[in-house]
Amino acid sequence: MRIFEMILIFAHLSTFILAYWTDAKKVWLGAVGVNLTVFILHGIFEGFRYQMFFSYLFVILFTVYALAKINNELFARKIPKVIKVITVSLSLIALVFTSLLAYALPVFTLPKPTGSYDIGVKYFHLIDEKRKDPFLDKSSKKRREVMAKVYYPAKKDESKVFFSYFHHSSELIRLLTKHYGMPSFMLDHLNLVKTHAKENLQISNKKQNYPVVLFSHGAGDSMEVQTTISENLASHGFIVVAIDHTFTSAATVFPDRVVSAKEANPNNFNTGDLDAVINQIMADDAKFVITKLGELNQGKMDSAFKGKLNLDKIGAMGHSVGGAVAYNLANNDSRVKATINLDGRVYISPKKDAKNMSPFLMLASDSGFVQSLQKREGLLKKFEDMPKEEQNMNLSMYGNKKEYKKAYDVDQKNTLGLVQVLKRSGNLFTIKGSDHMKYNDIGLFIESPLRELIGIKGEIDPARNLDISGAVISTFFNQHLQGETNDSLESLIRKYPELKKVDLK
């Protein structure tokens with residue numbers, strides 16, 4: 001809970017005590033004044049939110065009641081004790097409920113970036129004229145469109161305000177919330193969260209140019225939920241290009257409209273292995289964005305970025321299926337010089353000359369993924385090992401047992417290929433107590449124990465998980481894209497006891 005929220009609840013509780021101990025008009029007027037003052041200050045400096053509804057209702061009802069009570073005729077009337085007890089009891093229950101709700105769904109502060117640079121942010125609308133959008137009706141001639149959010153090292157400017165989280169788009173927040181099966185209004189308070197970046201700052205001139213890192217989100221997420229990691233990396237002197245992969249994100253905010261994932265045509269892909277198809281589309285998006293970065297660096301899209309991107313030092317990272325995109329680029333795009341996969345299954349096998357693929361690191365959650373890699377187990381189970389209900393579900397997806405077996409064999413091949421790449425690189429790490437959704441900001445959205453009830457597990461605090469992840473990411477890219485050797489991954493293991501290096505024997 002925020003400062004004025006806690007003060008407001010404390011003022012309510014103090015009001016109950018005063019109401020029982022005295023009928024003095026000055027005391028009641030003072031209580032009204034305190035409640036109204038804190039209420040107004042809370043609204044001005046923090047912003048109102050629905051989680052505090054019963055607190056706001058208390059202020060209004062208490063003010064009306066107190067002013068009425070101060071009237072001489074009402075003041076003389078005695079209220080039956082039983083009504084007082086019932087009223088106070090219901091009010092306390094309501095305030096406890098609103099306090100728990102405000103705690104469980106916090107207006108949190110994003111973890112502070114650890115680098116020395118201020119952070120600027122700018123959005124770009126990119127259209128690939130060479131590709132039709134594969135998610136739209138086959139009769140559609142619309143080209144593939146994506147949004148990119150560029151975080152960059154910036155000059156300090158105290159006159160600008162910090163940028164709002166989620167581009168201050170209530171529609172985007174509600175579509176993401178609905179995608180996760182929650183009531184659409186449940187995360188409306190995210191509009192009150194501020195980032196550590198400012199829009200349209202001048203690019204820092206501390207260096208002639210900066211290495212570039214592409215960032216792809218997970219399926220059904222948004223590039224906005226990668227804000228913490230993106231800001232932290234930009235503060236260390238990188239230009240981070242977060243890609244919003246249209247129709248694989250919950251929703252995409254274009255300059256003139258918001259597009260939901262539900263607008264995609266589900267009949268376009270007649271395959272059980274839909275994840276692999278989507279992964280390739282996202283990889284093609286990333287390759288297209290790299291090409292467009294050349295235009296940006298030439299000043300064709302925004303003169304402020306002219307010559308500021310070091311396109312000889314491009315990295316890629318991603319979370320979940322976005323991590324598989326980074327792995328895809330590491331194997332198939334020579335422009336990418338270093339890659340990180342944040343807890344993502346993979347959908348391709350490395351080439352025979354994988355010894356020459358770019359340096360690769362993987363952070364895997366210890367809530368099952370690390371163990372499956374150690375056991376060489378893929379995402380798909382053996383058909384014979386599944387219960388009947390699961391077998392029937394997969395038969396409906398893949399058409400028949402033979403097609404499922406074919407997909408299973410491909411999945412096993414991809415997993416074994418990933419294991420070999422990780423054995424060669426020696427860069428498989430996990431964070432003790434981590435979970436899949438703690439490698440992005442979503443773990444911050446809901447406090448424990450409600451967090452566990454919606455399936456986000458692991459005992460480590462999400463902010464701590466992001467701090468450790470950010471340190472690993474910046475250290476790895478500093479080594480491979482900036483040539484810095486001051487910090488090492490081994491030194492981070494000593495600094496963060498939760499960080500473990502996994503040996504794949």
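**Exercise 1: a helix pair**

Describe how helix α8 (residues 274-297) packs with helix α9 (residues 321-332) in this predicted model.

Solution. Begin with the geometry: the two helices pack at an angle of about 60 degrees, and their axes lie 9 Å apart. Next, take the handedness, for which α8 passes α9 in a right-handed crossing. Then list the residues that make the contact, which are Asn279, Gln280, Met282, Ala283, Ala286 and Lys287 from α8, together with Val321, Gly322, Ala324, Val325, Asn328, Leu329 and Asn332 from α9.

**Exercise 2: the sides of a helix**

Determine which residues of α3 are buried, and explain why they lie on the same side of α3.

Solution. Start with the helix itself: α3 (residues 53-70) has 18 residues and reaches 26 Å from its first C-alpha to its last, close to the 26 Å expected at 1.5 Å a residue. Applying the cut-off of under 20% relative accessible area, one finds that Ser55, Tyr56, Phe58, Val59, Phe62, Thr63, Ala66, Lys69 and Ile70 are buried. Because these residues cover an arc of only 165 degrees around the axis, they are placed on the same side of α3. The face turned away from that buried side carries Leu61 and Val64, which are exposed.

**Exercise 3: the whole chain**

State how many helices and strands the chain has, and what percentage of its residues is buried.

Solution. Counting elements gives 16 helices and 12 strands, while buried residues make up 53% of the 505 residues in the chain.

Technical notes. Residues numbered from 1 in each chain as written. Predicted model: local features only at pLDDT ≥ 70, side-chain atom pairs only at ≥ 80, totals over all residues. Heavy atoms only, no water. Axes fitted to C-alpha atoms, helices over the stretch in contact; angles between N-to-C directions. Helix = DSSP H or I, 4+ residues; strand = E, 2+ residues; numbered from the N terminus. Left-handed = near helix turned anticlockwise from the far one by under 90°. Contact = heavy atoms within 4.5 Å. Expected span 1.5 Å × (residues − 1). Buried < 20%, exposed > 50% of the residue type's maximum accessible area, 1.4 Å probe, protein only. Arc of directions from axis to C-beta.
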